[in-house]
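Biologist: I would like to go through this protein with you slowly, one topic at a time. Could you show me the sequence and the structure?

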Amino acid sequence: MGYKINRMTDKIKEAALILKRSKFTTAYTGAGISVESGIPPFRGDGGLWGKYDPAVLDIRYFLADPAGSWVVIKDIFYDFFSAAKPNKAHLTLARMEQEGMLGRIITQNIDNLHQEAGSRMVFEFHGNSKNLRCTHCRRTYIAGEISLDHFPPTCRECGGILKPDFVFFGEAIPQLPLTAAYEAASISDVFLIIGTTGEVMPANQIPVMAKEYGATIIEVNPQPSNYTQNITDIFLQGKATEIMEKLAVHLFSPSLDDNQDGIN
Ligand code: APR
């Protein structure tokens with residue numbers, strides 16, 4: 001697309017027009033979309049990795065010291081996450097899906113907030129924290145049904161150590177979200193990136209692939225990311241709830257006429 005649009009209102013309108021005209025849009029989300037739901041990001045100001053050593057989420061570290069890892073895992077993922085509720089950004093994406101404006105969500109998040117907002121076509125690249133899986137017999141449990149008073153929690157059937165069912169560093173990405181993400185990159189004419197630094201591999205390659213297939217990249221973030229100067233066509237600088245709320249005004253109102261050429 002190549003040209004840059006300056007005034008935020010014009011950018012919002014232009015982005016809304018592109019989203020309305022899109023045949024297939026994918027939203028690609030990171031920790032930033034859930035910050036206003038009370039879940040800290042991993043990096044940047046107030047980021048979790050400033051307080052905790054990310055090594056606790058390395059699968060070799062976990063298997064070597066499951067009890068030690070679980071102390072931190074509970075602190076991060078089960079105390080913060082349990083109180084979190086979907087915010088206006090999650091809800092706007094859910095409404096876009098309902099109104100046929102959003103075909104798929106590829107998320108790096110493990111907080112289940114897209115599903116709780118009502119989105120259905122959600123593919124979790126890094127798994128989900130709502131379930132625990134036995135590292136021995138692979139049986140899964142709903143996290144809320146397992147006591148986290150003693151570490152590590154163990155499988156009721158085989159006594160194996162239970163692990164949160166999300167992807168640790170050093171683990172492979174589950175096949176279903178991987179396939180769904182590659183497919184989304186090849187079929188989407190718009191990628192809406194919300195709240196990610198774009199630092200973590202291999203997830204961060206998905207929007208780059210979409211760009212290579214010709215997608216228009218719309219990005220929402222209060223800070224520039226690794227994408228902003230590289231692949232982003234329209235950068236909507238701001239918090240996810242504020243920007244998505246502004247977009248929603250245009251997306252869901254008939255006034256934004258599809259025949260309108262660009263901005264008045
Ligand atoms: N609205 C939108 N974006 C925000 C907001 C907000 N209110 N607040 C912060 N952000 C942005 C930050 O500017 C940053 O670009 O969200 C991003 C958060 O970046 P990270 O913490 O690096 O999160 P993410 O990119 O999702 O991390 C990827 O890293 O640790 C692993 O597995 C973990 O899935 C995670 C992956």
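This is a predicted model: local features need pLDDT of at least 70, side-chain atom pairs count only at pLDDT 80 or more; totals for chains, interfaces and linings use all residues.

Modeller: Residues are numbered from 1 along each chain as its sequence is written, and side-chain values use heavy atoms, with hydrogens and water left out.

Biologist: How far does helix α8 reach from its first C-alpha to its last?

Modeller: Helices here are DSSP runs of H or I with at least four residues, strands are runs of E with at least two, and both are numbered from the N terminus. Helix α8 covers residues 240-251, which is twelve residues.

Biologist: Which residues of α8 are buried?

Modeller: Buried means under 20% relative accessible area, exposed means over 50%, and partly exposed lies in between, with a 1.4 Å probe and protein chains only. An α-helix has 3.6 residues a turn, so residues three or four places apart point the same way. What covers the buried residues of α8 includes α1, α4, β7, β8 and β9. The buried residues themselves are A240, T241, I243, M244, L247, A248, H250 and L251.

Biologist: Where does N112 lie, and is N112 buried or exposed?

Modeller: Most residues other than glycine have a negative phi. N112 is not a glycine, yet its phi is positive, near 65°. N112 lies in the loop between β2 and α5, and with 17% relative accessibility N112 counts as buried.

Biologist: Is R138 buried or exposed?

Modeller: R138 also is not a glycine and has a positive phi, of about 70°. The loop between β4 and β5 holds R138. Its relative accessible area is 53%, so R138 is exposed.

Biologist: Where is P202 placed?

Modeller: A cis peptide bond joins M201 and P202, with omega about -10°. The place of P202 is the loop between β7 and α7.

How values were computed:
The expected span of a helix is 1.5 Å times one less than its number of residues. Contact means heavy atoms within 4.5 Å.
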